[in-house]
Amino acid sequence: MTQPRSKRLRTRGWVLACLTALVAALGLTPANTPPVAAATARPATVPAAPVGSTATEAPKGEATAAAGRLSPTPHGFASLAGGTTGGAGGEVVTVTDQASLAKYAAADGRYIIRIKGTIDVEPFGSEIEVTSDKTLVGVGTLGEIVHGELHLNPGTRNVIIRNLTIRDSYVEGDWDGKTQDFDGIQMDSVDHVWIDHNRLTHMGDGLLDIRKDSQYVTVSYNRFDHHNKAFGIGWTDNVTTQITIDHNWFNGTKQRNPSADNCAYAHLYNNYLSAQVDDGDPVWSYGNWARGRTEMVIENSYYADVQHPYQADETAELVQRGSILKRTFGRHDARGEAFDPRDFYDYRLDRAAAVPALVKRFSGPQRAIGTQTVLNVPADYPTVQAAVDAVPEGNDGEVTLRIAPGSYREQVRIPASKPHLALRGTGDDRSHTRIVHDTPAEYGGSSGSATVLIAADDVTADNLTFVNDFDEAAHDLDGEQALAMKTTGDRIVFENTAFEGNQDTLMTNSPDLRSLSRVYVHDSFVEGDVDFLYGRATTVFDDCVIKALSRGSSSNNGYITAASTWKENPYGFLITDSRIVSDAPAGTFHLGRPWHPGGEPDAIGQVLIRDTELPAAIKDSPWTDMSGFPWQEARFTEYRNYGPGATVTADRPQMSADEAARHTVTDYLAGPDDWAPHR
């Protein structure tokens, strides 16, 4: 069925222009980088998303805006050879204690583990084992592991560790870390690991040890501070490790910033080394060291108050270009040609002069990471329901289901126990991503019929089409109602969505007659014939297109609304600033009728249609009785409508201007918590 395009959709070129303007305003893109290609811009309807996404390398030339520094996917070597996805495709869990963290981190299978608050590890210095296919992410800036180490054993692969503070296993008096091997993060013989946006400080030995032939590793946007041995790589005679190290801040550390031993390829760029510990050590206080047979490339980094800022063994190769040095002394080695990182992956350099400010702002834990989890359908979860099933019961974090273009033939159920979800189509148009089923109410009533049922609060759907394609003409059933969508939750938003069906297309309801549920439908399309906008929830249709489908009758083709509002609720359905269209003959469609479910006398429907274009298909007497209940006892009114179907007759109550001033979108949606999604 044809539906109009959303008015808010923009071309990719428009999106790119806005993104480029933002980048320029923030001063984040260096002047010497190549121009951005229009084909690489993000669709306007798909925001950057934090944890859980499929790891794919960023397109060449993509603009580096502030949001890009919080990218959900790794870059550099961790993005190669199949990429690093962590726990994507697995269950999302939130942990607040050591036992839960240890359980899920060491479990078989994929998990996205949100670490909320401070976890104090006992005994002091103990290891938390992390197995393959895990994402560990701190929630906002408060996720901490104190007095303990994250440990990846040989053979572990595909791990993401993000947005955590790992601190304070330092053994007093043991500055060299010789008595206990209490690292912050330690890994041996692993592959595909991304260490991103963490702070590691004041530990017992190394802050980060990547050892023994580990491969495809990226270490980005971390803070290493208040420590002796910051970051070591190697401890092997083999030359296998490939590692990208960028936008890290080494501050108040003495050595290993990093030390790279026998790395096949070590690419360091846009790192900031400052305030090196000054204990008079002429050898073991240093910045970057290419050891053994390492090939190291350093680009556009910034060194301030550092001894031996970069050095290389005679057997190693080190290329440095574009860095800034302030008050440095000692070794500034350059040996051989090393390698060209662009032979492996694309990347974008920031200007060296901008590095201190950028790294101070964006390194370490960020408020925007971990608070929203992204689940990709079908890349990580084969169906929409599989992604919903991965959301934890009692979910307290924002979870976005990014749904790729396609037709998903399934029924989706979002239970009341899984609030704070967003379903977002990633296509260029809402019609490109469709959730479809064909069950009539004969089999399970309205809840069993609905293609999608949303029982949870605080759910948003964007850039999607919901369809019930049950064929009434091909069946002879008592219950031929066929819902595309049913909601019973509160604070539900549909933005740039479409609902396709015939009878009972969209039901916005509440858990019971006296419960308040609010639904905001904006810039959307709904079609149907009989009672296709119905229920007792307070529902606003704002700037929508509503299509009344012809049933082939010359006298009565159907009813747009069937509200069942509780009598004490002043706000039922509001259709405002919208357009009702129809392919039905003139004078054959009703605006609505009063629905009293089960004969409930206290369900007194309230409907206001205002500032809306009405087609010729609307009857001159557009309201009608239902199941013995007269429409005159309901609360049906119009205000300032226009178009060929907007005639004023004795059977068309008109709201006064004074009363209309109290029946705005804000009035309908505010409720006790001043909810205002339209703002």
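Mentor: Start with Arg-652 and Glu-638. They form a salt bridge, with the closest N and O atoms 2.8 Å apart. The term salt bridge takes a side-chain nitrogen of Lys or Arg within 4 Å of a carboxyl oxygen of Asp or Glu. Arg-652 lies in the loop between strand 50 (635-639) and helix 6 (657-660), and Glu-638 lies in strand 50, so the pair ties together parts that are 14 residues apart in sequence. Helices (H or I, at least four residues) and strands (E, at least two) are DSSP runs, numbered from the N terminus. Both Arg-652 and Glu-638 are buried. Buried means under 20% relative accessible area, exposed over 50%, and partly exposed in between (1.4 Å probe, protein chains only).

A word on the source. The model is predicted: local features need pLDDT of at least 70, side-chain atom pairs count only at pLDDT 80 or more, and totals for chains, interfaces and linings use all residues. Residues are numbered from 1 along each chain as its sequence is written, and side-chain values use heavy atoms, leaving out hydrogens and water.

Next, Asp-673 and Arg-491. Their side chains meet in a salt bridge at 3.1 Å, N to O. Asp-673 lies in the segment after helix 7 (665-670), and Arg-491 in the loop between strand 36 (485-487) and strand 37 (492-495), so this pair ties together parts 182 residues apart in sequence. Asp-673 is partly exposed, at 38% relative accessibility. A network of salt bridges links Asp-458, Asp-490, Arg-491, Arg-518 and Asp-673.

Over the whole structure, the search finds 31 salt bridges.
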